[in-house]
Amino acid sequence: MLTNIMYVTLYVTDQERALRFYTDQLGLEKRVDYPGPDGRFLTIGVPGSPLEIILWPHTAAAGQPAELQPGTTPGPVFLESDDLRADFEVLRERGVTFDQPEPEDYGYGVRIEAVDPDDNRISLRQRAAWQSRGDG
């Protein structure tokens, strides 16, 4: 039986640049950095979360939808915050680029999309107070 989501992949054109963005700017941590026979296997993750994101070398925008529409097109990765408006201010000070000037309220909480150096969209979300995490 399947028990866990182990990895998700983001395609990047420069692994070192992507690593700096995700660790220095977004605050994720480097997990694995292995120079394997098929290329560098590089993962990052949110501190305390078992899920890892593979930063896989590939041509520009390999995983992007054909047309991006600011405010409506989610990214391939969703990161959760317990105070998105406060985190937004910190991330903006660190030089993170966003598709809108401020986070917006919507039916399920608060949202905004960040953009990495390869134009991968990273969805940042805060759940609405009425939602429970439902860990069971």
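Q: Which residues do ring pairs link into a cluster?
A: In this predicted model, Tyr106, Tyr108 and Trp130 are linked into a cluster by ring pairs. Rings of Phe, Tyr and Trp (its six-membered ring) pair if their centres lie within 6.5 Å; planes under 30 degrees apart count as stacked, over 60 as edge-to-face and the rest as tilted.

Q: On what basis does the description rest?
A: The model is predicted, so local features need pLDDT of at least 70 and side-chain atom pairs count only at pLDDT 80 or more, while totals for chains, interfaces and linings use all residues. Residues are numbered from 1 along each chain as its sequence is written, and side-chain values use heavy atoms, with hydrogens and water left out.

Q: How many aromatic pairs does a search of the whole structure find, and why is the pair of Phe21 and Tyr22 called edge-to-face?
A: The search finds 5 aromatic pairs. The ring centres of Phe21 and Tyr22 are 4.9 Å apart and their planes stand at 90 degrees, so this pair is edge-to-face.

Q: What makes the pair of Tyr108 and Trp130 tilted?
A: The centres of the Tyr108 and Trp130 rings are 6.1 Å apart, with 45 degrees between the planes, and the pair is tilted. Tyr108 lies in the loop between strand S7 (104-106) and S8, and Trp130 in the segment after S9, so the pair ties together parts that are 22 residues apart in sequence. Helices (H or I, at least four residues) and strands (E, at least two) are DSSP runs, numbered from the N terminus.

Q: Why do Phe21 and Tyr22 count as buried?
A: Buried means under 20% relative accessible area, exposed over 50%, and partly exposed in between (1.4 Å probe, protein chains only). Phe21 has 3% and is therefore buried; Tyr22 has 1% and is therefore buried.

Q: Why is Trp130 called exposed, and Tyr108 partly exposed?
A: Trp130 has 61% relative accessibility and so counts as exposed. Tyr108 has a relative accessible area of 49%, so Tyr108 is partly exposed.

Q: What makes Asp119 partly exposed, and where does Asp119 lie?
A: Its relative accessibility is 46%, so Asp119 counts as partly exposed. Asp119 lies in the loop between S8 and S9. Its phi is near 70 degrees, a positive value in a residue other than glycine.

Q: Why is Val115 called buried, and which residues is Val115 in contact with?
A: Val115 has a relative accessible area of 17% and is therefore buried. Val115 is placed in strand S8. Apart from neighbours within four places in sequence, Val115 is in contact (heavy atoms within 4.5 Å) with Phe21, Thr97 and Asn120.

Q: Which residues touch the most other members of the largest nonpolar core?
A: A nonpolar core is a set of buried Ala, Val, Leu, Ile, Met, Phe, Trp, Tyr and Cys residues joined through side-chain atoms within 4.5 Å. Of the 24 residues in the largest one, Tyr22, Leu26, Leu55, Phe98, Ile122 and Leu124 touch the most other members. H1 gives the largest share of this core, 4 residues.

Q: Which residues is Ile122 in contact with, leaving aside its neighbours within four places in sequence?
A: Among them are Leu10, Tyr22, Leu26, Val77 and Ile112.
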